[in-house]
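Below are some notes for a colleague who is opening this model for the first time.

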Amino acid sequence: MSIYSRILLALDLSDESEQLAMKTAEMAKAFGAELNLIHVVEPLSFAYGGDVPMDLTTIQEQLDEHARTKLDLYAEKIGYPVSNKIIVTGHTETEIHRAAEEHNTDLVILGSHGRHGLALLLGSTANGVLHGAKCDVLAIRVKEED
């Protein structure tokens, strides 16, 4: 039995997600692990403080569909079977923790952009996931594409 049998890859769907997905697929292959992908769509109401005088349902559905399309694309490109493609709406760290527990995850992998200065002091998604996780967390530094 491998040290990691279930890996959850959290993707933000940025330009660097493909390189992160490829690296993770290689790790999953080396461990013979089940691979799950997750993308968390933050509710538009978070961005606007919750008091938005219009119905954002259609826009939220479009964001979900875009995420589904992108996750399908990454799952195809990596050349390794993906067991679950999870798209949820909510707070990123909370939803990653929830999915990791639901899928009995041994390792959560996410990208790190290597923030500096004020962004570093305020924290990051990687930091939030690390401090609330009940399993190992691996942050892989991704290089921003030019």
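1. Strands β1 and β2 pair in the parallel sense over five bridges; two strands count as paired if DSSP finds at least two bridges between them. In this pairing Arg6 stands opposite Glu34 in β2. The chain goes from β1 through α1 to β2, a right-handed β-α-β crossover. Right-handed here means that, with the strands pointing away from the viewer, the path from the first strand over the helix to the second runs clockwise. Helices (H or I, at least four residues) and strands (E, at least two) are DSSP runs, numbered from the N terminus.

2. The model is a predicted one: local features need pLDDT of at least 70, side-chain atom pairs count only at pLDDT 80 or more, and totals for chains, interfaces and linings use all residues. Residues are numbered from 1 along each chain as its sequence is written, and side-chain values use heavy atoms, with hydrogens and water left out.

3. Strand β1 also runs parallel to β4, joined to it by four bridges. Here Leu8 stands opposite Val108 in β4. Because four of its five residues are buried, β1 is largely enclosed by the rest of the structure. Buried means under 20% relative accessible area, exposed over 50%, and partly exposed in between (1.4 Å probe, protein chains only).

4. Which residues touch the most other members of the largest nonpolar core? They are Ile7, Leu9, Leu11, Leu20, Leu35 and Ile109, in a core of 24 residues. At least two residues of this core come from each of β1, α1, β2, α3 (57-77) and β4. Apart from this core lies another, of 13 residues, including Ala10, Ala99, Leu110 and Ala126. A nonpolar core is a set of buried Ala, Val, Leu, Ile, Met, Phe, Trp, Tyr and Cys residues joined through side-chain atoms within 4.5 Å. In soluble globular proteins, nonpolar side chains tend to be buried together.

5. Leu35 deserves a look on its own. Leaving aside neighbours within four places in sequence, Leu35 is in contact with Ile7, Leu9, Thr24, Ala25, Ala28, Ile78, Tyr80, Pro81, Val82, Ser83 and Asn84. Contact means heavy atoms within 4.5 Å.

6. In helix α4 (92-102), the buried residues are Thr92, Glu93, Glu95, Ile96, His97, Ala99 and Ala100. These pack against β1, β2 (34-41), β3 (84-89), β4 and α6. From the side of α6 (residues 125-132), Val129 can be examined. Val129 counts as buried because its relative accessibility is 0%. Not counting residues up to four places away in sequence, Val129 touches Glu93, Ile96, His97, Val108, Leu110 and Val137.

7. How many salt bridges does the structure hold? There are six, a salt bridge being a side-chain nitrogen of Lys or Arg within 4 Å of a carboxyl oxygen of Asp or Glu. One of them joins Asp72 and Lys85, with the closest N and O atoms 2.7 Å apart. This pair links distant parts of the chain, Asp72 in helix α3 and Lys85 in strand β3, 13 residues apart. Asp72 is partly exposed, at a relative accessible area of 31%, and Lys85 is partly exposed at 42%.

8. Arg98 forms one with Glu95, the closest N and O atoms being 3.0 Å apart. Arg98 and Glu95 are three residues apart in α4, so about one helical turn separates them. Arg98 is partly exposed at 40% relative accessibility, whereas Glu95 is buried at 13%. Glu101 and Lys134 meet through their side chains in another salt bridge (3.5 Å, N to O). Glu101 lies in α4 and Lys134 in the loop between α6 and β5 (136-141), 33 residues apart. Glu101 is partly exposed, with 44% relative accessibility, and Lys134 is exposed, with 70%.

9. Most residues other than glycine have a negative phi. Leu13, which is not a glycine, has a positive phi of about 65 degrees and sits in the loop between β1 (6-10) and α1 (17-31). Leu13 counts as buried because its relative accessibility is 14%. Just after α4, Asn104 takes a positive phi of about 50 degrees. Asn104 belongs to the loop between α4 and β4 (107-112) and counts as exposed, at 51% relative accessibility.
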